[in-house]
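The structure is shown first, and the text then goes through its parts.

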Amino acid sequence: MKIAITTSSFAKFSEAPLDLLREAGIEYVLNTTGRALTEDEAIDILHGCVGVAAGTEPLTRRVMDALPGLKVISRCGTGMDSVDRVAAEEKGIAVRNTPDGPTLAVAELTLGYALDLMRQVTRMDHELRGGTWKKRMGNLLNGKKVGLVGFGRIGRATARLFEAFGAEVAFSDPYAEDATHQKMEMDALMGWADIISLHCSKPAGGGHLIDATRLGLMREGTWLINAARGGLVDEAALHDALASGRLAGAALDVFEQEPYTGPLRDLPNVILTPHVGSYAMEARIRMETDTIRNLLDALKG
């Protein structure tokens, strides 16, 4: 029995997930490209496999059609946007994910972005390295209004961290209720918050959740953070809002096209990272171990 592991850095910090496969007598193949696979590459590496410990490669109906022996998709992470779950259900392919592993890693990264943006740490670091000694005035997180779009595990963990710094938190989420936090309609939240942070999936109908219109609802001098999904934000409209100075800054960990090579790289008031939301060692080890346990459990029926 053989499975494929398509996340590009799997088991880098611990052999424990691979040990589970060895103990079960299951052969595995690895993604050695160092990046997310294309559809054709996924079909190639998954040939002859009954399961996949999946990254963010597109596991589409076309891919599944080409792999009649595939029985389990075990996603290493929370997001399921890359998996055609309708096709998987029709074909009897079990689909699992690891919602708990990345929660604190993404929440802490979001808090780090906010502190960095408000004190302009990365911007001054770049200036100093370039020979400019300039003391930029920042802002306190204490007392700020933080609007969270999405209030699942990660959104709630993020709320707790911001509140520890004295921030006021409200959220927008059509599926969540919470007695201790104010729930607002999306457009109202955009105009209320000093910081908007995204912790949601892509809209069911496609398109940008944060487009030029919603960016226009944000008050002048506010900040935007996206460590959730690429494509949630209209990057061209965001570039315009940042370049004009209407928004104070933004931090993005995810992009419509990855690796990202677009014009946001040229702006001094934006922080860009290469999709590392879950890249805290402890979180990665837990996610990878949970991924293999989920896969093995599903294979056992």
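Which residue in β5 is the bridge partner of Ser74? The partner is Arg96. The model that holds this pair is predicted.

Ser74 and Arg96 are bridge partners within an open sheet of five strands, which follow the order β2-β1-β3-β4-β5 with parallel pairing. The edges are taken by β2 (27-30) and β5 (94-96); each has a single partner strand, so one side of each has no neighbour in the sheet. From one strand to the next, the twist averages 15°.

In general, the strands of a sheet pair through backbone hydrogen bonds, in a parallel or an antiparallel way. Here, strand β4 (residues 72-75) and β5 run parallel and are joined by three bridges. Helix α11 lies across β1 (2-5), β3 (51-54), β4 and β5, and runs at about 160° to β4.

## Helices α1 and α11

Two packed helices are described by the angle between their axes and by the distance between the axes. For helix α1 (residues 16-23) and helix α11 (residues 281-299), the angle is about 20° and the axes are 8 Å apart. Angles under 35 degrees count as roughly parallel, and α1 and α11 are therefore roughly parallel to each other.

On the α1 side, the contact is made by Ala16, Pro17, Leu20 and Leu21. These residues meet Glu288, Thr289, Ile292, Arg293 and Leu296 in α11. Sorted by class, the contact has six nonpolar residues, one polar residue and two charged residues.

## The seven-stranded sheet

An open sheet is also formed by seven strands in the order β8-β7-β6-β9-β10-β11-β12, with parallel pairing. Which strands stand at its edges? The edge strands are β8 (182-183) and β12, each of which pairs on one side only.

Strand β7 (residues 168-172) pairs with β8 in the parallel sense over two bridges. Phe171 stands opposite Lys183 in β8. Helix α10 (residues 235-243) packs on the sheet and touches β10 (223-226), β11 and β12. The direction of α10 makes about 145° with that of β11. Helix α7 (residues 153-164) lies across β6 (145-149) and β7, and runs at about 170° to β6.

## The second largest pocket

Rolling a probe the size of a water molecule over the atoms shows where empty space is left. The second largest pocket has a volume of about 410 Å³. Of the 17 residues that line this pocket, Pro174, Tyr175, Cys200, Ser201 and Lys202 are the closest to its centre. By class, the lining has ten nonpolar, four polar and three charged residues.

Most residues other than glycine have a negative phi, and most peptide bonds are trans. What is the phi of Ala11? Ala11 has a positive phi of about 60°, although it is not a glycine. Ala11 is found in the loop between β1 and α1.

The peptide bond from Glu258 to Pro259 is cis, with omega near 0°. Pro259 belongs to the loop between β11 (249-252) and β12 (270-272).

Notes: Residues numbered from 1 in each chain as written. Predicted model: local features only at pLDDT ≥ 70, side-chain atom pairs only at ≥ 80, totals over all residues. Heavy atoms only, no water. Axes fitted to C-alpha atoms, helices over the stretch in contact; angles between N-to-C directions. Helix = DSSP H or I, 4+ residues; strand = E, 2+ residues; numbered from the N terminus. Parallel < 35°, antiparallel > 145°, perpendicular 65-115°, else oblique. Contact = heavy atoms within 4.5 Å. Nonpolar A, V, L, I, M, F, W, Y, C, P; charged D, E, K, R; others polar. Pairing = 2+ DSSP bridges. 1 Å grid on protein atoms, 1.4 Å probe; cavity = no way out; pocket = protein on both sides within 12 Å on 5 of 7 lines; lining within 4 Å. Points joined across faces, edges and corners; volume = space filled by probe spheres on them.
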